[in-house]
Amino acid sequence: MRRIAVAGGGGGLAAAWLLPRRYDVALFEANKRVGGHAHTVHVPWRGGSVPVDVGFIVYNEPTYPNLVALFAALGSRPDSATNARYGEHYARTLAEWRTRYRTALPLVEAQGLNGRFRRLWEFYLAYCEGGFRAGCIDLRQVALAVNP
Ligand SMILES: Cc1cc2nc3c(=O)[nH]c(=O)nc-3n(C[C@H](O)[C@H](O)[C@H](O)COP(=O)(O)OP(=O)(O)OC[C@H]3O[C@@H](n4cnc5c(N)ncnc54)[C@H](O)[C@@H]3O)c2cc1C
């Protein structure tokens, strides 16, 4: 049997899981936990706890077809009861970030970053704010439940 090493237990988890059974797969993870940037912590809340993802936040079905397919293959489904939309809130966050970015421009320029860099971030922050406000892009919180 051929042996394959997968380095990193972020997206590498999916790669290791998807590789055909005919391979002997070893997953190497430098950290003490797997998941990579996707990191769920349990926060105490009203006598219990709620799972909060501190890394990977944005998930939407149109632009994540492979992730959606992976969830389906794993028998998980979005729990519509907790499928909350935060796009409008995030538009305000983006507006705030752009204000702070403009305030900090002298520091940016002092580091020798040119006009192209400034315009790129100005465009990115403005585009995201407009997109979230118009609903073209969205920020959602969904709970995934494994089917019994
Ligand atoms: C601030 C921020 C916010 C983001 N928000 C989102 C979001 O909301 N939605 C979204 O879809 N994407 C988001 N992303 C992008 C997303 O996190 C990355 O695209 C995704 O995590 C990349 O997966 P990866 O497996 O390449 O890397 P990672 O998820 O970082 O995993 C890499 C893994 O490899 C391990 N590793 C590293 N070196 C070694 C080694 N030598 N040996 C063994 N293991 C090693 C690490 O410990 C880690 O576990 C965000 C990124 C950032 C930085």
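Helix H2 (residues 65–73) lies largely in the open, because the number of buried residues among its nine is zero. Here a residue counts as buried if 20 or more other C-beta atoms lie within 10 Å of its own, as exposed if 12 or fewer do, and as partly exposed in between, with C-beta atoms placed from the backbone. Helices (H or I, at least four residues) and strands (E, at least two) are DSSP runs, numbered from the N terminus. After H2 comes Gly 75, with a positive phi near 80°.

The model is a predicted one: local features need pLDDT of at least 70, side-chain atom pairs count only at pLDDT 80 or more, and totals for chains, interfaces and linings use all residues. Residue numbers start from 1 along each chain as its sequence is written.

Now for the overall picture. The protein has five helices and six strands, and along the sequence they follow the pattern β-α-β-β-β-α-β-α-α-α-β. Its C-alpha atoms fill a box of roughly 60 × 40 × 35 Å, taken along the principal axes. The radius of gyration is 20 Å, whereas a compact globule of 148 residues would have one near 15 Å; this radius is taken over C-alpha atoms, and the globule rule is 2.2 Å times the number of residues to the power 0.38. Buried residues make up 3% of the 148 residues. Of the contacts with a separation of 6 or more, 55% are between residues 24 or more positions apart, where a contact means that two C-beta atoms, placed from the backbone, lie within 7 Å.

The largest nonpolar core has five residues, namely Tyr 90, Ala 91, Leu 94, Leu 125 and Phe 132. Helix H3 (87–103) and helix H5 (115–134) each supply at least two residues of this core, and H3 gives the most, with three. Such a core is a set of buried Ala, Val, Leu, Ile, Met, Phe, Trp, Tyr and Cys residues joined through C-beta atoms within 7 Å. Leaving out residues up to four places away in sequence, Ala 91 touches Glu 129, Phe 132 and Arg 133.

Arg 98 is also found in H3. Arg 98 counts as partly exposed because it has 17 C-beta neighbours inside 10 Å. Beyond its neighbours within four places in sequence, Arg 98 is in contact with Leu 125, Ala 126 and Glu 129. Arg 98 and Trp 121 are 23 residues apart in sequence, and their C-alpha atoms are 8.5 Å apart in space.

The 20 residues of H5 should span 28 Å at 1.5 Å a residue, and the end C-alpha atoms are 28 Å apart, so the two values agree; the expected span is 1.5 Å times one less than the number of residues. Gly 135, which follows H5, has a positive phi near 85°.

Arg 46 lies in the loop between strand S3 (40–45) and S4. Most residues other than glycine have a negative phi. Arg 46, however, has a positive phi of about 50° although it is not a glycine. With 6 other C-beta atoms within 10 Å, Arg 46 is exposed.

Val 50 lies in strand S4 (residues 48–53). Val 50 is exposed as well, since 11 other C-beta atoms lie within 10 Å. Not counting residues up to four places away in sequence, Val 50 touches Val 43 and Trp 45.
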